[in-house]
Amino acid sequence: MEFTGEATMNEVCYIHSQGKKLKSEIIRIKGNVADLQVFEMTTGIGVGDDVEFTGELLSVELGPGLLGQVYDGLQNPLPKLAEQCGFFLDRGVYLSALDEIKKWDFTPSVKVGDKVEAGEKIGFVKEGIFDHWIMVPFQLEGVLTVKSIVKAGSYTVNDTVAELEDEKGERHTLTMKFNWPVKRAINCYAERLKPSETLITKLRIIDTFIPVAKGGTYCIPGPFGAGKTVLQQVTSRHAEVDIVIIAACGERAGEVVETLKEFPELIDPKTGRSLMERTIIICNTSSMPVAAREASVYTAVSIAEYYRQMGLHVLLLADSTSRWCQAMREMSGRLEEIPGEEAFPAYLESLIAAFYERAGIVRLKSGDIGSVTIGGTVSPAGGNFEEPVTQATLKVVGAFHGLSQQRADARKYPAIHPLESWSKYTGIIDKEKTEYGRAILFKGDEVGQMMKVVGEEGTSLEDYIIYLKSELLDFVYLQQNSFDPVDAAVTPERQRHVYDLLLQVLTAKLDFAGKEEARNWFNRMRQNFLDYNGKEWKSDEFNKLEEAISQLLAEKKIGVEANAEGIVG
Amino acid sequence: MQKVYSKIESISGNVITVTATGVRYKELAVVETRYGSSLAEVIRLRGDEVALQVFNGGRGVSTGDEVRFMGEPMKVSFSDNLLGRIFDGSGRPRDGGPELTDTMIEIGGPSVNPAKRIMPRNMVRTGIPMIDVFNTLVESQKLPIFSVSGEPYNELLARIALQAEVDIIILGGMGLKYDDYLFFKETLETGGVLSRTVFFVHTAADPVVESLLVPDIALAVAENFAIHGRRVLVLLTDMTNFADAMKEIAITMEQVPSNRGYPGDLYTQLASRYEKAVDFEGAGSITILGVTTMPGDDVTHPVPDNTGYITEGQFYLRNGRIEPFGSLSRLKQQVNDKTRPDHRAIMDGMIKLYAAYKESLEKKSMGFRMSEWDEKLLTYGEMFEREMMDLSVNIPLEEALDKCWEILATCFEPEETGLKTELIAQYWKNKV
């Protein structure tokens with residue numbers, strides 16, 4: 001593409017081709033030739049077509065009305081697009097991301113003469129259950145003076161609500177919405193804090209053993225069929241955060257449809273409202289144009305940062321970051337750049353790092369705390385973690401939830417591998433206690449391996465008991481029954497309680513005459529724990545089963561293992 | 001106006017370049033050679049240099065041959081007249097019938113708006129217990145059969161096509177052996193479904209490039225039938241040939257290869273085809289069954305690997321049987337709660353016991369002592385393989401479930417099965 005005058009890197013252009021305007025972005029400039037990537041199918045574009053420059057970088061529209069929406073990677077609202085175009089995603093149709101007709105009840109919080117800075121609140125509207133702050137656009141610089149502000153009342157997102165004057169005397173009119181370039185991180189906060197508070201997912205294996213922190217990052221690599229998407233879906237339902245943003249990036253459309261149809265009907269136990277009211281879906285499924293897929297994760301993270309600026313805790317789930325990286329690879333290939341490993345571009349690592357670095361917990365200028373947590377799935381080719389995307393991701397994330405094919409095949413849910421996975425964050429249970437559990441898993445695994453070679457006959461009773469203990473821990477604690485309404489989501493309080501009880505069994509010195517007896521005893525223990533997991537917290541049946549477990553344990557317990565003294569009281 | 005150019009600048013593999021203006025991306029052209037004419041598609045524009053992919057291949061193309069641009073992208077006729085007809089990879093009749101030109105539609109159209117999709121809810125009955133009972137096929141599902149050369153995957157496809165309750169069957173063959181093509185034709189003819197079948201067949205003897213068009217044409221036609229309220233089953237065999245054709249073109253075009261020579265956009269290319277599987281709100285549906293042969297029986301090969309990430313499960317066809325392990329239908333839980341109350345329990349219970357059988361078998365082969373329980377499992381495993389897994393078994397779902405209970409009753413005591421007491425009370429058969 002040739003141009004005269006000025007062109008900006010990442011500027012948005014429209015190609016006028018056969019009566020349609022196709023959105024595209026400048027990705028390389030050389031002399032007076034700019035390379036564009038088109039966010040649509042390129043069929044029918046010809047040499048000689050006109051190109052219109054907008055002077056704007058690719059940006060998202062931020063304002064009230066984002067929650068509950070379903071967007072494509074360029075923030076086109078999909079349900080509205082369907083009303084207009086029918087079954088298919090026609091090319092060259094772009095709609096406004098926010099509802100322009102809806103009126104919002106605006107309450108101002110500043111008065112004329114007040115001094116404000118970028119990111120500070122000038123008022124708020126009620127968006128569902130949240131106070132949606134109307135803020136000074138993040139790109140305005142210096143200290144600004146409020147010159148006018150409207151009275152409390154109903155306004156649309158396009159109505160002027162305030163006028164500000166900057167230090168140079170320039171006037172800015174504010175509406176309730178503004179644009180922000182997606183590839184720039186929003187940094188209007190006082191300071192970034194260390195992620196220390198655990199983000200509750202209500203999955204035992206995660207919260208107890210490999211926790212995620214608010215403002216932290218984690219990744220879920222796994223081969224196909226291991227349950228990455230299911231895990232993300234479950235997390236998006238149960239995670240204790242204010243807002244969940246789902247970026248379905250280059251994955252199956254059918255899975256998005258499931259979320260789309262089910263979420264409006266699911267009730268969030270915390271707020272009593274539909275889950276959709278706290279959810280935003282950015283979906284750019286595998287058959288939608290590749291270039292928009294590359295943009296979609298940035299669109300998602302920008303919206304996440306926007307809500308963080310209101311002092312909310314946001315969880316961004318990106319499924320899958322591998323597809324995003326593949327989109328970069330396709331573009332890099334087209335630009336004929338020198339390829340790096342597996343033909344991924346050489347800058348892959350720095351882009352992945354920059355993306356995950358946009359997560360974080362911050363103290364805003366107002367003193368409120370807000371956070372963005374990013375969880376990304378990775379789909380490594382052939383299920384082999386030694387590939388560039390997985391490796392680059394592992395370098396920058398704070399927790400690693402590796403899924404294993406063997407566990408998935410054995411119908412163990414969640415199929416997170418307890419020994420290979422790790423986390424740098426603090427969980428809800430003392431490290432001493434979880435380390436003890438981990439050690440049992442590790443030793444049990446070793447014994448299991450050995451037993452495959454020498455058979456049950458060749459294993460000592462002592463080792464066999466360790467093996468049975470590790471099996472018990474795996475069965476009744478690491479695995480969860482997602483179809484059971486009680487067991488599907490477990491509160492931290494209950495996790496602590498159950499783990500303490502289980503630890504009594506794991507640390508106990510047990511007296512058995514032989515392997516047969518040991519196996520039977522552990523089978524009964526397992527059955528009790530499974531039933532126990534399915535009962536309502538502190539119900540009569542729950543207490544009864546707890547009693548039964550303690551009794552069963554007392555029958556065989558002859559003391560505490562030497563290495564466990566001090567862990568159990 | 002059609003422009004004619006008579007100077008071909010370069011010929012490299014199946015790709016030729018000419019200097020031309022006013023040409024659009026993906027436009028179609030006709031190349032007149034000494035050996036007949038061939039269609040070609042614009043695959044790159046650089047200034048006034050136009051690169052075209054010649055469907056019949058570069059062999060025999062001379063620098064002096066004529067290239068005539070048609071001014072529009074590849075289209076295919078769509079109407080009920082297609083039914084019962086056989087075409088080649090670029091849409092020309094292969095059965096000697098007349099060429100169709102009414103209501104031309106574009107191929108490779110835009111993708112469906114996710115907001116317009118609905119949750120799949122209908123089961124596709126195939127009469128194969130390993131599918132119906134254990135990994136139910138669902139309308140609008142996209143599912144490949146992972147297999148290796150020599151396995152009866154085409155026979156399996158043909159059987160499913162004959163028995164599936166759908167309105168229209170579209171067969172897309174890529175690099176199909178001529179014998180296999182005849183096999184499909186005969187089987188569907190004897191089965192009496194030829195009148196509601198459309199063939200787009202590219203045989204192994206045809207120019208490689210033509211196979212690239214087969215999925216697009218087949219799916220474009222399927223999409224239009226689906227919009228008109230029909231339930232369509234699309235069979236694609238074999239997608240590995242399609243991927244290989246893509247690799248060939250990419251290398252000729254000097255694209256940077258990513259993994260084992262395949263282009264970096266392999267995932268996207270495969271996904272844009274498989275994702276055409278859809279259940280339209282208020283209209284018909286498309287179900288896609290593909291065959292992906294795994295070179296060297298290696299599932300981590302780029303083609304099966306990428307396919308697995310795209311499709312909603314997979315069937316492994318090995319030693320003439322659908323393997324219970326690894327095979328997966330991701331959509332089965334959408335339908336198998338509505339069939340019969342014992343369906344889910346039998347599905348899990350039988351497989352768990354079969355897994356136990358495999359362990360016992362391993363122990364036996366390593367020379368460990370067999371317990372009474374092991375012996376029971378061994379009998380069970382053999383019976384299961386003979387009466388359920390064998391591909392010649394052809395019974396409806398309900399009968400298959402009854403058969404499962406019968407097998408369980410023959411081999412085990414009720415409490416050994418791990419099934420719920422209520423179900424056992426209802427379905428347990430006394431020993432014959």
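In this predicted model, the centres of domain 2 of chain A and domain 3 of chain A, taken over C-alpha atoms, are separated by 32 Å. The contact between these two domains draws on 10 residues from domain 2 of chain A and nine residues from domain 3 of chain A. On the side of domain 2 of chain A that touches domain 3 of chain A, the largest share comes from strand E10 of chain A, residues 130-135, which supplies four residues. Sorted by class, that side of domain 2 of chain A holds four nonpolar, three polar and three charged residues.

Chain A is divided into domain 1, covering 1-57, domain 2, covering 104-176, domain 3, covering 191-423, and domain 4, covering 431-564.

Chain B, for its part, is divided into domain 1 (4-73), domain 2 (76-333) and domain 3 (343-427). Between domain 1 of chain B and domain 2 of chain B, the C-alpha centres lie 29 Å apart. Domain 1 of chain B brings 11 residues to the contact, and domain 2 of chain B brings nine residues. On the side of domain 1 of chain B that touches domain 2 of chain B, five residues are nonpolar, six are polar and none is charged.

The next subject is the meeting of the two chains. Here 44 residues of chain B are in contact with 47 residues of chain A. On the side of chain B that touches chain A, the elements giving two or more residues are strand E17 (257-259), helix H6 (266-274) and helix H7 (302-310) of chain B. Of these, H7(B) gives the most, with five residues. By class, this side of chain B comprises 21 nonpolar, 14 polar and nine charged residues.

The interior of the model may be considered last. In soluble globular proteins, nonpolar side chains tend to be buried together. The largest nonpolar core in this model has 282 residues, and the members that touch the most other members are Ile245(A), Ala247(A), Leu316(A) and Val234(B). Helix H5 of chain A, residues 290-308, provides the largest share of this core, 12 residues. The surroundings of Leu316(A) illustrate the packing in more detail. When residues up to four places away in sequence are not counted, Leu316(A) touches Ile245(A) and Ala247(A), together with Ala300(A), Val301(A), Ala304(A), Val372(A), Thr373(A) and Ile374(A).

Notes:
Residues are numbered from 1 along each chain as its sequence is written. Chains are lettered from A and ligands numbered from 1 in the order in which they are written. This is a predicted model: local features need pLDDT of at least 70, side-chain atom pairs count only at pLDDT 80 or more; totals for chains, interfaces and linings use all residues. Domain bounds come from an automatic or database domain assignment. Two residues are in contact if their C-beta atoms, placed from the backbone, lie within 7 Å. Ala, Val, Leu, Ile, Met, Phe, Trp, Tyr, Cys and Pro count as nonpolar, Asp, Glu, Lys and Arg as charged, and the others, Gly among them, as polar. A nonpolar core is a set of buried Ala, Val, Leu, Ile, Met, Phe, Trp, Tyr and Cys residues joined through C-beta atoms within 7 Å. A residue is buried if 20 or more other C-beta atoms lie within 10 Å of its own, exposed if 12 or fewer, and partly exposed in between; C-beta atoms are placed from the backbone.
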